[in-house]
Amino acid sequence: MPLRDDTLPKNTISYFFREAMRRMWVSKRTTFVAVAMIAIALLIVGSFLLVAENLGRAVARAEGKSRVDIYLNVDATPSQIAAIDAWLAAHRDFAGRRFVSKEAALARFRQSFTNLSEIVGQLGENPFPASFECEVAPALAQTPAFAGQAAELRGLDGIEQVQFDWEWIEKLKKLINLVNLAGLVAGGLLAVAAAFTIANVIRLTMMLYREEIDIMRLVGATERMIRGPFIIEGILQGLIGAVVAIAILFAAFLAGRHFLAPRDSLLWGFLFNTFLPWQKLLALLAGGMLAGYLGSWLSVRESGEEKA
Amino acid sequence: MIHFYHVTKRFDAYSTALHDVTFHIEKGEFVFLTGASGAGKSTLLKLILRQMQPTEGQVVVNGRNLKAMKRSQLPFFRREIGMVFQDFKLIERMTVFENLSFILTVLGLPPREHKKRVYGALRAVSLHHKLNAYPLQLSGGEQQRIAIARALINDPLVIVADEPTGNLDPDLTQEIVQIFAEANLRGSTVLIATHDRELIEQSGRRVITLDHGRITDEKAATPQRAPRTGPLFGIGG
């Protein structure tokens, strides 16, 4: 009879799960702490991912139709405005233009930021300048010829500022990267903390079952057989933590979309447009399970039969 | 089957449990190990199960030098040995059935076979009606018999028992010794540590006597009555 057989018995996996769930139930409080830690870590990661996801989608939409905003001086005369309009009409790239009067700009602001409209009202006079909005083909917008025309446009009388929205799109992209990075760093740190919490919970459980583990060793259970339920326990704690985090995040998303988005349509509308795609949800679940696995692995690798 | 070569076990400079112990137990033998409390019986049994390593000398069980055995091989080696511990070592949170069934899980037997095997093992120790009891609900004698049933459930090559009749009345003692004898007839090598002189004398088996960690006497077996035959737990084999 060989003294080494690394294949696990057929019914071992179900034994691992039964034991892991039983032990979690027996140690409900410590399990709750571990699950809560994982859930908090993943909730933070998930929140950042959600913000980045929605901003990313807004950027993708904006990229499809680039725009140039030409803000006029507050005291621009009608003849200056007419000259600018004529210049735009003469240049094919800027021909798809629309004039936005001071009044229209104010009305648009009031509509987008309802809770700020009172403040604007207290100013006495309309602070918004009139402008031209030109739709520009995204491919064309970044050519040298277009840059030359834009420089010429900036030199016209009555123009305060010429703003290209791909500039803020680029800034927004950087912001998205920053949000993603911040989420990963903060979540990563918390996930490490959560993994250590799980490690301690598993360590406590192993101490609780120390005698039983000794008996298992004496009757011929392999280390894999002994450690398996603890590893599964860690993974399950991570998985439950991730499910809880996703559930809370989804509830918060629904609540935000229901209560906040309709009130301030621009900002909240951006943020509560869409929930995380399934790939990112799977990544969160996998992250929770990985943190749980690492935590339990940290604990069980220290255990072993003492030499006498 | 069990060979000790000049085995010494020292715990520290002032405490030596075994001193230059040499003996050989062949395959199929039934041997009693006796001696007063503190003579070194339990230490010797722990060396056989490789719960500890000798300070000097070699222990060879079933052709395997335990000192050279890798840690990863240990579980598979222990499955060849049915050990009855003095303190029973039953898992308190598990029922009697689960305590025995666990061994079969370790061995990889499908769950559908567990019930039959466990029931057979418990029947052999007359405790089949305690299937769903927890160890703490049983008397000391009953716990001991459960521990014996667990040790014998997979027909081990070697059976090692540390004071297996310590908590039993004379009738039950005979019954338990008979169970070991049947396992012996089925091919298991049996080593029982006990200080029950009467039991040893009645059995007529080979006896190794320890005193303060040294073998002081070895008595060969006397001729036995005709052996009983048949499967141990009514499960064949």
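A nonpolar core is a set of buried Ala, Val, Leu, Ile, Met, Phe, Trp, Tyr and Cys residues joined through C-beta atoms within 7 Å. The model described here is predicted. Its largest nonpolar core has 68 residues. Those with the most contacts inside that core include B:Leu33, B:Ile148 and B:Val160. Beyond its neighbours within four places in sequence, B:Val160 is in contact with B:Leu45, B:Ile48, B:Leu49, B:Ile81, B:Met83 and B:Leu191. A second, separate core includes A:Leu42, A:Ile202, A:Phe230 and A:Ala242.

| Core | Residues in core | Some members |
|---|---|---|
| Largest | 68 residues | B:Ala149, B:Leu152, B:Phe180 |

Helix H3 of chain B covers residues 96–107. Its twelve residues should span 16 Å at 1.5 Å a residue, and the end C-alpha atoms are 18 Å apart, which agrees. Because nine of the twelve residues are buried, H3(B) is largely enclosed by the rest of the structure. Among the buried residues are B:Val96, B:Asn99, B:Phe102 and B:Val106. Their cover includes helices H1 (12–26) and H10 (223–259) of chain A, as well as H4 (111–124) and H5 (140–152) of chain B. Just after H3(B), B:Gly108 adopts a positive phi of about 85 degrees.

The contact between the chains takes 20 residues from chain B and 16 residues from chain A. On the side of chain B that touches chain A, the elements giving two or more residues are H2 (74–78) and H3 of chain B. H2(B) gives the most, with four residues. By class, that side of chain B has eleven nonpolar, six polar and three charged residues.

Technical notes. Residues numbered from 1 in each chain as written. Chains lettered and ligands numbered in written order. Predicted model: local features only at pLDDT ≥ 70, side-chain atom pairs only at ≥ 80, totals over all residues. Expected span 1.5 Å × (residues − 1). Buried ≥ 20, exposed ≤ 12 C-beta atoms within 10 Å, placed from the backbone. Contact = placed C-beta atoms within 7 Å. Nonpolar A, V, L, I, M, F, W, Y, C, P; charged D, E, K, R; others polar.
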